[in-house]
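The report below describes how two copies of a chain are arranged and how the parts within a chain are put together. Please keep the sequence and the structure in view while reading.

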There are 2 protein chains.
Amino acid sequence: MTSIPAEIDTPDVLIDRDVLERNIERMAAAVRDRGLRLRPHAKTHKVPEIAALQLAAGAAGLTVATLGEAEIFAAYGADDLFVAYPLWVGPRQAERLRRLSATARISVGVDSAEAATAMGEQLGDAAGDIAVLVEVDSGHHRSGVHPDAAADVARAAARAGLRVEGVFTFPGHSYAPGMPVEAAAQEQQALERAAGQLEEAGFEVPRRSGGSTPSALLTDSTTATEVRPGVYVFGDAQQLELGRCALEDIALTVASTVVSRHEGGTGVPRRVVLDAGSKVLGSDRAAWATGHGRLMDHPDARITALSEHHATVVWPEDAPLPALGERLRVIPNHVCLTMNLVDDVAVGRGGALLERWTVAARGRNS
Amino acid sequence: MTSIPAEIDTPDVLIDRDVLERNIERMAAAVRDRGLRLRPHAKTHKVPEIAALQLAAGAAGLTVATLGEAEIFAAYGADDLFVAYPLWVGPRQAERLRRLSATARISVGVDSAEAATAMGEQLGDAAGDIAVLVEVDSGHHRSGVHPDAAADVARAAARAGLRVEGVFTFPGHSYAPGMPVEAAAQEQQALERAAGQLEEAGFEVPRRSGGSTPSALLTDSTTATEVRPGVYVFGDAQQLELGRCALEDIALTVASTVVSRHEGGTGVPRRVVLDAGSKVLGSDRAAWATGHGRLMDHPDARITALSEHHATVVWPEDAPLPALGERLRVIPNHVCLTMNLVDDVAVGRGGALLERWTVAARGRNS
């Protein structure tokens with residue numbers, strides 16, 4: 001949105017409907033042009049209306065992080081959901097998976113023989129209704145097995161009665177300056193090697209899934225079949241500072257008000273304080289970030305400190321400080337955290353408020 | 001809680017009722033012994049049941065950060081609320097303040113003549129129902145005026161029809177190793193100087209309010225009249241690493257499950273991954289912190305990375321990795337963020353679940 005509607009109280013989350021739709025269309029077209037399927041990660045937005053726009057633009061299904069998110073999107077009609085997470089399944093999780101698979105095609109991640117075995121045991125006769133993708137580590141060193149160990153996990157899953165459908169990886173190390181190209185190459189190598197191991201072990205591998213937002217447009221269809229970017233719908237200060245989006249691609253800002261203003265002096269910074277803090281922006285800050293977010297209309301201002309309800313903004317020396325009561329738009333560092341902090345968001349066009357959307361899957365961590 | 005009840009799905013927030021009550025009683029007694037009033041900050045917990053325990057233990061009232069929090073606690077019967085924040089008041093905020101002051105004694109912060117003037121104009125005839133405390137900067141350099149400028153703000157507030165009741169400060173620079181003593185001394189100097197300026201200008205100064213959790217027990221009643229600690233009810237990894245609480249004082253943990261387990265190898269860390277990420281722990285991490293939180297029963301383990309649904313935990317070399325599916329309790333770095341991420345929490349004693357409390361003021365950012 002180009003300005004903050006008068007009826008908005010700050011802090012509040014604003015979504016620019018035009019920019020959102022443009023981002024969704026652009027990624028859909030780019031992924032289609034590369035011969036890949038798009039399975040956007042809905043953990044970024046957690047909003048059924050946005051999932052509907054993604055599916056209408058041709059997404060092959062949705063990615064989610066938790067069973068709770070899957071349940072929300074299934075209730076809104078999503079019929080193909082990938083829980084891209086190494087779930088540990090007990091009796092309650094098995095019951096939820098059984099219920100989900102009654103209305104949607106469900107696939108889940110697995111990165112150990114133990115978890116595959118436990119999942120199969122808990123699911124019992126329903127195991128064959130659940131597809132699994134083996135998670136491989138492409139260099140991020142979080143979850144995921146070495147590609148050479150993928151076939152062992154797949155065999156355990158098959159023995160447990162689960163349907164092995166492929167491999168996936170998250171090249172999270174793409175979130176650093178200069179890293180997207182290298183991370184995308186490592187992603188391709190890991191998927192290729194793991195898929196090869198599964199094929200040697202006699203599995204068909206129809207799904208090879210990769211792609212973070214920084215690397216999604218570098219992912220190659222010679223190996224991968226689908227990508228799972230999330231942040232691209234909104235953009236955020238991280239993507240901006242990584243050069244993966246431009247200011248005009250930013251669809252989400254946090255409306256804020258200048259509540260404190262100080263010209264500064266010896267040892268005391270010249271600054272304003274905004275009423276948007278970590279409880280609405282989130283406090284992710286990469287080592288390479290210039291601050292705790294950016295200001296949409298003041299690219300040289302720096303958010304040097306963030307507390308729960310205060311953003312301290314040091315102002316460029318040659319520019320006058322904004323006035324008390326002035327309203328400014330903040331671009332969060334990591335938009336997935338922002339969406340998970342609010343119950344609803346303001347959707348608008350230009351400076352006009354159109355409607356509010358409920359963040360239906362907010363807080364669905366399990 | 002000493003263990004995770006079987007009926008809990010992870011991740012989930014667990015509150016140990018015995019430790020919580022002990023923390024509340026201990027701070028109440030310590031503050032009383034120092035001749036100060038305790039006005040605990042309810043932004044930490046956002047839970048009416050916990051506010052009720054604090055008030056029953058003798059708290060003089062509650063501190064909150066936003067009008068939305070004030071409305072929640074007023075609805076549950078709190079009758080003395082201090083919005084310790086430099087509010088910028090427009091017509092809608094004025095209407096909310098008027099409604100609040102019908103059932104509770106309301107005081108708010110102010111740190112500029114402009115904000116005081118705007119507040120008085122918007123409140124009109126109701127201005128006299130609202131008490132203000134002038135915020136002074138005691139070295140944290142966030143909001144607050146220099147103590148020597150406090151009288152100017154107080155005069156503007158009085159001219160605007162508001163009731164000037166005192167001064168307050170937040171010594172946020174106490175949140176660093178070795179800083180609590182120095183920050184508490186600076187807090188005292190700032191309150192003393194500002195109160196002196198107000199008295200010289202002809203104001204009575206019945207309230208001089210200070211105190212973060214690290215500094216609250218160092219605040220001196222020769223100057224201050226009340227303190228506003230918040231985190232002490234639960235403790236967290238920050239307080240633990242600052243030496244301001246012990247492991248047995250930790251009342252809040254996040255129940256998590258080992259979902260991925262890796263013995264590691266050349267260039268790849270030996271680690272487990274837990275299903276508690278930044279969307280339940282929060283991602284505040286001070287420069288001096290040892291990691292993104294701590295494990296209750298494994299003090300030497302280090303949470304080296306946090307993503308939205310994954311905590312990567314590097315394990316001590318001489319200890320066996322926990323098993324897949326094992327459930328572990330995580331101590332968040334900053335507990336105020338954790339409480340703001342969940343809609344309700346599990347309250348227990350030992351390993352038994354007693355009840356769930358709603359985080360009624362969650363997300364009330366404005």
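## The contact between the chains

Two residues are taken to be in contact if their C-beta atoms, placed from the backbone, lie within 7 Å. On that basis, 100% of the interface residues of chain B are also interface residues in chain A, so the copies meet through the same surface. This is a predicted model, in which local features need pLDDT of at least 70 and side-chain atom pairs count only at pLDDT 80 or more, while totals for chains, interfaces and linings use all residues. Residues are numbered from 1 along each chain as its sequence is written, and chains are lettered from A and ligands numbered from 1 in the order in which they are written.

The contact takes 50 residues from chain B and 50 residues from chain A. At least two residues each of the side of chain B that touches chain A come from strand 4 (80–86), helix 5 (113–123), strand 10 (252–262), helix 9 (278–281) and helix 10 (335–339) of chain B, where helices (H or I, at least four residues) and strands (E, at least two) are DSSP runs numbered from the N terminus. Strand 10 of chain B gives the most to this side, with four residues. By class, the side of chain B that touches chain A has 18 nonpolar, 20 polar and 12 charged residues; Ala, Val, Leu, Ile, Met, Phe, Trp, Tyr, Cys and Pro count as nonpolar, Asp, Glu, Lys and Arg as charged, and the others, Gly among them, as polar.

In chain B, eight strands form an open sheet with parallel pairing, in the order 2-9-8-7-6-5-4-3; two strands pair if DSSP finds at least two bridges between them. Strand 2 (37–38) and strand 3 (62–64) of chain B stand at the edges, each with a single partner strand, so one side of each is left without a neighbour in the sheet.

Within chain B, strand 7 (residues 163–168) runs parallel to strand 8 (residues 207–210) and is joined to it by three bridges. Gly166(B) stands opposite Arg207(B) in strand 8 of chain B.
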